[in-house]
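Please open the structure in a viewer and keep the sequence at hand. The stops below are to be selected in order.

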Amino acid sequence: MTITDGLVSRSIDVPGARLHYEVRGRGPLLLVIGSPMAAAEFTPLAQALATDHTVVTYDPRGFADSPVDDPDGPSNPDLRADDVAAILDALGAPSADVFGSSGGAVTGLALVTRYPGRVGTLVAHEPPLLELLPDAEAQRAATADIVETFRAEGLQAAWMKFMVNAGFDVAAFGSDADGPPEPANPEQALAEGARFFLHDLVPTTQYVPDFEALRASGSRIVVGLGAESGHLLTQRTSVAVAERLGVDTTEFPGDHGGFMGAPAEFAARLREVL
């Protein structure tokens with residue numbers, strides 16, 4: 001355990017991996033989770049929330065400071081839900097509220113299903129559940145093409161194709177010839193890219209929640225949708241999830257990554273929703 005400026009960093013062993021997680025603040029327990037996004041990307045949001053919450057962030061298995069025993073080992077929403085439950089156990093917490101972003105929203109849905117009673121409110125922000133769409137077959141083909149692009153052309157080409165399919169403006173990454181910026185640690189970026197494209201992407205996007213179990217869980221489930229996400233694929237998936245749960249989507253600032261662009265504003269909205 002490491003304590004730095006009020007931030008407590010801890011690690012726990014789980015089957016097949018060692019998980020790094022961080023705890024900051026004081027108040028009601030709130031887990032902020034992503035996939036593949038790790039704790040570092042949520043730091044500004046966590047700091048904004050820590051004034052009145054105990055905020056826990058973590059690195060999903062195979063990313064950042066959460067090494068796995070086998071880089072080619074399994075990864076899926078159920079396994080990630082087990083990891084989050086293990087962190088709750090390590091904290092001695094019977095339950096917590098959860099904010100899950102993107103793949104982390106899918107993890108949150110699996111957590112509610114597998115561990116009834118352990119989640120008070122789940123805010124599932126733009127879960128990319130492509131199997132719920134009318135064009136699911138075409139989306140499966142697009143995902144397979146992205147995976148094959150990683151195998152054949154490498155990390156940057158796969159990320160560009162992924163972003164285009166998701167509906168993002170790739171002009172922010174430069175010209176088609178240049179692609180996204182070079183990562184600071186190319187070796188780690190390649191390893192994490194392999195983890196994401198070869199092991200995480202398909203199980204996450206093709207996960208189909210047990211909606212009956214979700215409705216019977218006793219957890220309050222909020223489906224978050226960015227105010228500026230209308231052009232994104234996750235706008236469609238978020239609406240599809242909300243419809244199956246029988247709820248409306250709940251608007252949050254920004255787009256898919258609104259918590260990064262305006263963390264204070266996003267935190268204020270999340271407080272209102274919670």
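Which side chains meet in a salt bridge with Glu 131? Select Glu 131 together with Arg 140: their side chains meet in a salt bridge at 2.8 Å, N to O. The term denotes a side-chain nitrogen of Lys or Arg within 4 Å of a carboxyl oxygen of Asp or Glu. Glu 131 is partly exposed at 23% relative accessibility, and Arg 140 is partly exposed at 34%. On this scale, buried means under 20% relative accessible area, exposed means over 50%, and partly exposed lies in between (1.4 Å probe, protein chains only).

This is a predicted model, in which local features need pLDDT of at least 70 and side-chain atom pairs count only at pLDDT 80 or more, whereas totals for chains, interfaces and linings use all residues. Residues are numbered from 1 along each chain as its sequence is written, and side-chain values use heavy atoms, with hydrogens and water left out.

**Second stop: Asp 52 and Arg 271**

Next, select Asp 52 and Arg 271, whose side chains meet in a salt bridge of 2.8 Å, N to O. Asp 52 lies in the loop between α1 (43–49) and β5 (54–58), and Arg 271 in helix α10 (residues 263–273), so the pair ties together parts that are 219 residues apart in sequence. Helices (H or I, at least four residues) and strands (E, at least two) are DSSP runs, numbered from the N terminus. Asp 52 is partly exposed, with a relative accessible area of 30%; for Arg 271, also partly exposed, the value is 28%.

Move to Asp 78 and Arg 114, where the salt bridge has an N to O distance of 3.8 Å. This pair links distant parts of the chain, with Asp 78 in helix α2 (residues 77–91) and Arg 114 in helix α3 (residues 103–114), 36 residues apart. Asp 78 is partly exposed at 28%, as is Arg 114 at 38%. The whole structure holds 11 salt bridges.

**Last stop: the second largest pocket**

Finally, select Gly 62, Val 68, Pro 71, Ala 191 and Glu 192, which are the closest to the centre of the second largest pocket among the 14 residues that line it. About 200 Å³ of space lies in this pocket. The lining comprises 7 nonpolar, 4 polar and 3 charged residues. The classes are these: Ala, Val, Leu, Ile, Met, Phe, Trp, Tyr, Cys and Pro count as nonpolar, Asp, Glu, Lys and Arg as charged, and the others, Gly among them, as polar. A pocket is an open set of points on a 1 Å grid over the protein atoms alone where a 1.4 Å probe fits, with protein on both sides within 12 Å along at least five of seven lines; lining residues have an atom within 4 Å of a point. Grid points are joined across faces, edges and corners, and a volume is the space filled by probe spheres set on the points.
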